Amino acid sequence: MTRILITALFILNTICSFGQKNLGIKIYQNTDIFEIRYFESRPNRVEESDKVNFARISLAVDIDTKKGYTHEIEFLIPEVSKSYDNIQYPMNYELKKEMPDFEGQASSYSLRYELSKTLTNKANRLGFNLGIGINPYYVLVEYIPNVETRYYSSTKLYGFVLNMVPRIKYNLSQRFIIDLNVPLKIYDLQAVKSRIKNPLIPIHQQTTINYSNSFFESAYTFRIGLMYKLNK
């Protein structure tokens, strides 16, 4: 709840800083579909699990322009040191299978900026938009040992996603709007920094950094939003 309040206050501060018309605040309910692959070294085995999550909430600020464009900044609620089985940020994961001798935790931080264009008459109740968005993110996965024979290790994922966002809007009234949309992942550029605090390994070998990129990752989000326009 504290994280939600902090995010909401940040959004309100952002709104006030613009000081212009055609502003809206929006709350999204997100349905996420992604995959988690669990690796187990003994025996050498991989388990795949499809995850469907209905519980993720995000907040956004919309700024409409006179030329039919909309700027949107979406703030994803941060996740801090939660069980990695319950992580909500939508991407495909490769994780160690949790065992009695260590505990897995995950944190995530992200936002999305989108520029969209109205394709239909703004006077219509039902409208269609098409947008393009950039979604920077940071995910930290930690493996915390419970026994002395294990060593702390972590994986940090830094990246950004390029999205294409088709959306349908329906004007309930002059101030309330329903927004249905799907941010499609077109391209994902990612850096993965892995670290293990094993004193038997030279310090310069305890940390590795790898880079990867992918097109059209099979992780999907369906958003339904309710927006309140501050100006009619």
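This is a predicted model: local features need pLDDT of at least 70, side-chain atom pairs count only at pLDDT 80 or more; totals for chains, interfaces and linings use all residues.
Residues are numbered from 1 along each chain as its sequence is written, and side-chain values use heavy atoms, with hydrogens and water left out.

The side chains of glutamate 47 and lysine 97 form a salt bridge at 3.4 Å, N to O, a term for a side-chain nitrogen of Lys or Arg within 4 Å of a carboxyl oxygen of Asp or Glu. Glutamate 47 belongs to strand β2 and lysine 97 to the loop between β5 (93-96) and β6 (102-118), so the pair ties together parts 50 residues apart in sequence. Strands (E, at least two residues) are DSSP runs, numbered from the N terminus.

Arginine 56 and aspartate 32 meet in a salt bridge of 2.7 Å, N to O. Because arginine 56 lies in strand β2 (residues 45-64) and aspartate 32 in strand β1 (residues 23-40), the pair joins parts 24 residues apart in sequence. Arginine 56 is buried at 8% relative accessibility, and aspartate 32 is buried at 0%.

Arginine 167 and glutamate 72 also meet in a salt bridge, at 3.9 Å, N to O. The pair links distant parts of the chain, strand β8 (residues 153-171) and strand β3 (residues 69-76), 95 residues apart. Arginine 167 is buried at 4%, as is glutamate 72 at 3%.

## Network and total

Salt bridges with shared partners join nine residues into one network: Lys26, Asp62, Glu72, Glu74, Arg112, Glu114, Arg167, Asp179 and Arg223. The structure holds 17 salt bridges.

Conventions
Helices (H or I, at least four residues) and strands (E, at least two) are DSSP runs, numbered from the N terminus. Buried means under 20% relative accessible area, exposed over 50%, partly exposed in between (1.4 Å probe, protein chains only).
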